[in-house]
Every structure is written in C-alpha cells, then in structure tokens.
Amino acid sequence: KRESGDTDDQRYHALMMFTKVDKSRSLQDKFRVAMLSMVKYGDFLEEEILVLHFVSDQASKELGERMLQEFLLDAPFKYEVFFHDVVALTQKLFPIVEAMQKHFSAGSGAYYSDAIFFLSVAMHHIMPESLTRIVQLDLDLKYRTNIRDLFQEFDQFPPGAVIVWHNTSGDPPPDGLPGFNSGVMLLDLGAMRDSALYNQLLEPSNVAKLADQYRFRGHLGDQDFFTMIGMEHPELFYSLACGWNRQLCSWWQDHGYGDVFQMYYRCEGLVYIYHGNCNSPIPDD
Ligand code: UPG
C-alpha cells in the first residue's frame, strides 16, 4: 500500500512531550532511563534513521539538547532530533480541539494551554503531509526491546478502515472503562487524514453529541477522547499487546478498587516497554 521510493519508509518518527523538564528532577531522571534503554536496544538498518521529535519550551529544549548529547553518544544507529515549540503547536491546535477541551479537560473551562494535551488527536492536521506514521511516547518508559519493532505493529493494523494507535487494557475505573492509555500510541497519520469517519468525529457537534450520550466527563485529554470514540467505533482502533505499555501504576488498588484492580493490572506475556506511570518505580532488568 505504500509507494516504493517513498523516502519516509526509512525514517522512524517518535514524538515525546517535553515541557517544564528543566523544573523537574524527576522528569529528568525518567528521561535518562527512557533514552538510555532506547539506545541500548535500538537496532536499525544501515539506511534507516530514527527521528526524535520533542514538544518543548525554550528552557526544556536547552536542557534536552545537552542531555541528549550524552544519551545518544553511543547510539548504534542514525538519528535526527527536532524540537517543536509548544506555543506554536498550541496555537495551531486550539481551534481544532477547543470543543473537545470542554468535555475532557481538568476543571471546567477550556484553558488555551491545555490544547496541547490533545495533540495526538489532531496531529494529522499539524504535521507535514510527508509524515505518515508517528509513535507518541511518554517519558516515564523503559524499553526492553528494539524500538524499531514497535513500528512493525503499524503493519498489523486491520485493512479497510482505520486509524490510530495503540493501547493496553486501560486504566481502572473511574478513569477508564477498559480504555486507552496514551503512554505508547501509534498514530497512522496517513489513515487519520484519509478517514472521513475519524475527521467527522472531531467536529464540535459530534464531540458534544457523543460526550452527552455517554455522559462522559474526563480530565485526561486525548486519552479520554479516544476512549469515548473507541466505545462507539472500536473499528478505528487496533490494540497493542499489553507488553508494549506495561503500566505499573497501582494507585487504584488502595483507593477503592482493590476488588477489580487485578483485572486491569494483569498483563501476561513478554514486557517490551515498562511504563512507570504515576511515578511508579520500574524494576531492574
Ligand atoms: N510531561 C511533560 N512535562 C510535565 C509533565 C508531563 O513534558 O511537566 C509529559 C511527559 O512526556 C510525560 C507525559 O507528559 O511522560 C505524561 O505525564 P506523566 O506525568 O508521565 O503521566 P503518567 O503518570 O505516565 O500517566 C498518568 C496515567 C495516564 C494518564 C496520565 C495523564 O497513568 O493514564 O494519561 O497520567 O496525565
């Protein structure tokens, strides 16, 4: 389905949110773990390039550039690094996601700056057309396998339909029904652009209709939006094996959901990526 000679075939695009990192020692430590493990297992063909995108403010960018020099020093593959200005991206996003923000943002208002939490939802309109696939990753990950293998999952997307990404078994109630977690997302930007259904779902009138229908109010941005449209249109989603986003957060176990916690937490089989969400420690190898 992909044209041969498409130069993008040899570029593997990964994007991370990278804001206020200069102000958080904890985020810096997570970033170190993520990048060092990515480099450790990263293995690409001679002509291939891993393209790392960071959405960043100026201070985080400056710090990130310095840290990456160290982390990527021994990378056994070619790479490129791009920093995208969070303010510029927010400006482009806001008109597209403003309606969504009313239903899926913390607090009541639609704060302008929160638009960035919906980047994945509208990334196909924001990134250049030549970019047809991208993986969005949290910083609190630890890779245990070659990140190139994650991109092979794009080829498993069912034919005919379809967009997006990823998921695991989801967060426990009340944040998720079996829903999506946005820590590891595969976005087929080409398919998102081509899908009349998906783009229709982004229209304000449809967002409002679905949110009312499901009486859905969330505060997790893209994750809530995807979970909601996934209930109505599961065919738009392809579920990754849970080992690709092995979430370690156990907060809900001790906060009223002890009885059902294991249903959501369990993940059998190989772990390819640990996700130390809610500041959970990640086991040593
Ligand atoms: N991030 C920044 N700067 C910040 C905070 C976050 O760049 O100051 C980025 C970073 O890439 C980070 C990501 O945002 O990895 C997500 O934030 P994080 O604090 O790592 O959230 P998690 O603890 O991984 O995830 C929990 C839930 C998840 C939910 C998310 C919503 O597990 O399901 O989507 O919180 O914030």
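Predicted model: local features only at pLDDT ≥ 70, side-chain atom pairs only at ≥ 80, totals over all residues.
Three strands form it, in the order β5-β8-β7. The sheet is open, and its pairing is mixed. Two strands sit at the edges: β5 (141-143) and β7 (246-247). Each of these pairs on one side only. Now look at β5 and β8, where β8 covers residues 273-275. They pair in the antiparallel sense, over three bridges. Find Y143, and you will see I273 of β8 standing opposite.

Next, the aromatic rings. The structure holds 13 aromatic pairs. One of them joins F54 and F83. How is such a pair described? Two values are used: the distance of the centres and the angle of the planes. For F54 and F83, the centres are 5.3 Å apart and the planes meet at 25°. Planes under 30 degrees apart count as stacked, so this pair is stacked. The two residues come from distant parts of the chain, 29 residues apart. F54 belongs to strand β2 (residues 49-56), and F83 belongs to strand β3 (residues 78-85). Both F54 and F83 are buried. Ring pairs also build a cluster, which links Y12, F44, F77, F151 and F154.

Finally, turn to S120. This residue lies in helix α4, which spans residues 119-126. Is S120 buried or exposed? Its relative accessible area is 1%. Buried means under 20%, so S120 is buried. Which residues does S120 touch, leaving aside neighbours within four places in sequence? S120 is in contact with Q136, M185, L187, M192, D222 and F226.

How values were computed. Residues numbered from 1 in each chain as written. Heavy atoms only, no water. Helix = DSSP H or I, 4+ residues; strand = E, 2+ residues; numbered from the N terminus. Buried < 20%, exposed > 50% of the residue type's maximum accessible area, 1.4 Å probe, protein only. Contact = heavy atoms within 4.5 Å. Pairing = 2+ DSSP bridges. Phe/Tyr/Trp six-rings, centres within 6.5 Å; stacked < 30°, edge-to-face > 60°.
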